[in-house]
Amino acid sequence: MPQDVYEQQVIIPDVPSDLHSKDPSSDSFQWIRSSDLSQTVKQNKENKRGERQRREKQFPCSECEKSFIQKSYLVKHLRSHEGQKPFLCSHCEKCFSCESDLIRHQRIHTGEKTFLCSECGKCFHRKSNFVRHQRIHTGEKQFSCSECRKYFIQEQDLVIHQRTHTDCFNAKSDLVRHQRIHTGEKPFLCSECGKNFTQKQELVIHQRIHIGEKPFSCSVCGKCFNRKSNFVAHQRIHTKYFNAKSDLVIHQRTHTGEKPFSCSECEKCFNAKSDLVRHQRIHTGEKPFLCSECGKNFTQKQDLVIHQRTHTGEKPFSCSECEKCFTAKSDLVRHQRIHTGEKPFLCSECGKNFTQRQELVMHQRIHIGEKPFSCSVCGKCFNRKSNFVVHQRIHTGEKPFSCSECKKCFNAKSDLVKHQRIHTGEKPFSCSECGKCFTQKQELVKHQRNHTGEKPFSCSE
């Protein structure tokens, strides 16, 4: 190495004269090892850092004064000002300013996912998405809120969270939309049904109901959706991902039919030990989860959580179509089928479809003649528990449903609803022939026979 280069890279400090001794065990030699060596390394690092700082950001942008380490970075950046996008996708003709952006984009068409998670096997197009995903497994939350010290996996989650402290917005349009929560303003009107919305996007999604547009199609089963959120939720039926390998193992048993955990009482089998533990509480009668408000006990913690919302009034699950709120997510899912028209539960006997599994179970009792609910007083049997409960009130005389107008009591809520129409004057059942209205459906059915001429009751004498 040339002398001048060597002197530039390494700084040798002044040392005592006795260092020239050849004896490496001398005190002076130990001194230079323990003292000046660390100082020399430190100075070298500072020199290199200074040199690096002199080199970096030598290429400033004349448009926005941003600087770059390399000229190639500046060239790429300038394209953002010029609007230049020289890299064209041969599949969809979308253009990009950087070749690396084009390469990443093309993975969407080719299906290539080069970044594989060794924990759960999930693959990603982008390295940044892969890095964020890995934090789920490691539990790393490197983004901290300075207000409440809450930690987040992604920076975007932190940004959204911080708005709860400041009530500030990045864009004026976001503030305007937010203020409508306080003012109740709904400026976007549906010309078909007159319904109003706070955001234009909500109106656009709603109008798809009228025109029948369902732009989100499932590539697996062909089912279409008018909302992206419903489409994404549906796709989970076909593809499932799991945070832990143990969860994947349990899920795979639904495909293999393996149920390794057996109940010693009734020999019922389960694919997960946690399911067996919950089931065994049926036999033991154990209800370890206690409501501190009313003292009611539950076999499962989730049942307690949902129950406690009846005390707090909390309904965290809101329908995006009609804004009706629910205490449990399962209730929201069932409710949304009213809007989507989805009836996923099919009767194999008659082909009739139902929105809820429980409705299918009760319906199938008609085909098999099963009536599992028997009255101990008169022996009458029922295929629905609700009908059985109402029937028992005939024997007990219980009438828990009271009219607030006249204090008349009823043993069934449906009877109270029909009775209240006397006070309100409501007649919800209308004849399509003559427009006459009725308080009860049965009255409408009888009336319509006047138009059809139907006489279904015949005298045998």
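Select helix α13 (329-340). It gives seven residues, the largest share, to the lining of the largest pocket. Helices here are DSSP runs of H or I with at least four residues, strands are DSSP runs of E with at least two, and both are numbered from the N terminus. The model is predicted, so to speak of local features pLDDT must be at least 70, side-chain atom pairs count only at pLDDT 80 or more, and totals for chains, interfaces and linings use all residues. Residues are numbered from 1 along each chain as its sequence is written, and side-chain values use heavy atoms, with hydrogens and water left out.

**The largest pocket**

Stay with the pocket. Its volume is about 800 Å³. On a 1 Å grid over the protein atoms alone, a pocket is an open set of points with protein on both sides within 12 Å along at least five of seven lines, and lining residues have an atom within 4 Å of a point. Grid points are joined across faces, edges and corners, and the volume is the space filled by probe spheres set on the points.

Now select F225, N230, A233, Q336 and E342. Of the 27 lining residues, these are the closest to the pocket's centre. Next, colour the elements that give two or more residues to this lining: α8 (200-211), β12 (224-225), α9 (228-238) and α13 (329-340).

What classes of residue line the largest pocket? There are nine nonpolar, ten polar and eight charged residues. Ala, Val, Leu, Ile, Met, Phe, Trp, Tyr, Cys and Pro count as nonpolar; Asp, Glu, Lys and Arg count as charged; the others, Gly among them, count as polar.

**The cavity**

Rolling a probe the size of a water molecule over the atoms shows where empty space is left. A cavity is a set of grid points where a 1.4 Å probe fits but cannot get out. The structure holds one cavity of 30 Å³ or more. The largest cavity has a volume of about 90 Å³.

Select its lining: I209, N226, R227, N230, C319, S320, E321, Q336, H339 and T340. Helix α13 again gives the largest share, here three residues. By class, the cavity lining has two nonpolar, six polar and two charged residues.

**The aromatic pairs**

Move on to the rings. The structure holds six aromatic pairs. Rings of Phe, Tyr and Trp (its six-membered ring) pair if their centres lie within 6.5 Å; planes under 30 degrees apart count as stacked, over 60 as edge-to-face and the rest as tilted.

Select F115 and F130. Their ring centres are 6.2 Å apart and their planes meet at 20 degrees, so the pair is stacked. The pair links distant parts of the chain: F115 sits in strand β5 (residues 115-116) and F130 in helix α5 (residues 127-138), 15 residues apart.

F130 counts as buried, at 14%. Buried means under 20% relative accessible area, exposed over 50%, and partly exposed in between (1.4 Å probe, protein chains only).

Then jump to F373 and F388. This aromatic pair is stacked, with 6.2 Å centre to centre and 20 degrees between the planes. It links distant parts of the chain: F373 in strand β21 (residues 373-374) and F388 in helix α15 (residues 385-396), 15 residues apart. F388 counts as buried, at 13% relative accessibility.

**Histidine 105**

Go to helix α4 (residues 99-110) and select H105. H105 is buried, with a relative accessible area of 10%. Which residues does H105 contact, leaving aside neighbours within four places in sequence? They are C89, C92, K94 and F96. Contact means heavy atoms within 4.5 Å. The C-alpha atoms of H105 and R126 are separated by 9.4 Å, and the two residues are 21 apart along the chain.

**Two positive phi angles**

Most residues other than glycine have a negative phi. Select E267, in the loop between β13 (261-262) and β14 (269-270). Its phi is positive, near 65 degrees. E267 counts as exposed, at 64% relative accessibility.

E323 is the next stop, in the loop between β17 (317-318) and β18 (325-326). E323 has a positive phi of about 65 degrees although it is not a glycine. At 46% relative accessibility, E323 counts as partly exposed.

**The whole chain**

Zoom out. The chain has 17 helices and 26 strands. Buried residues make up 20% of its 461 residues.
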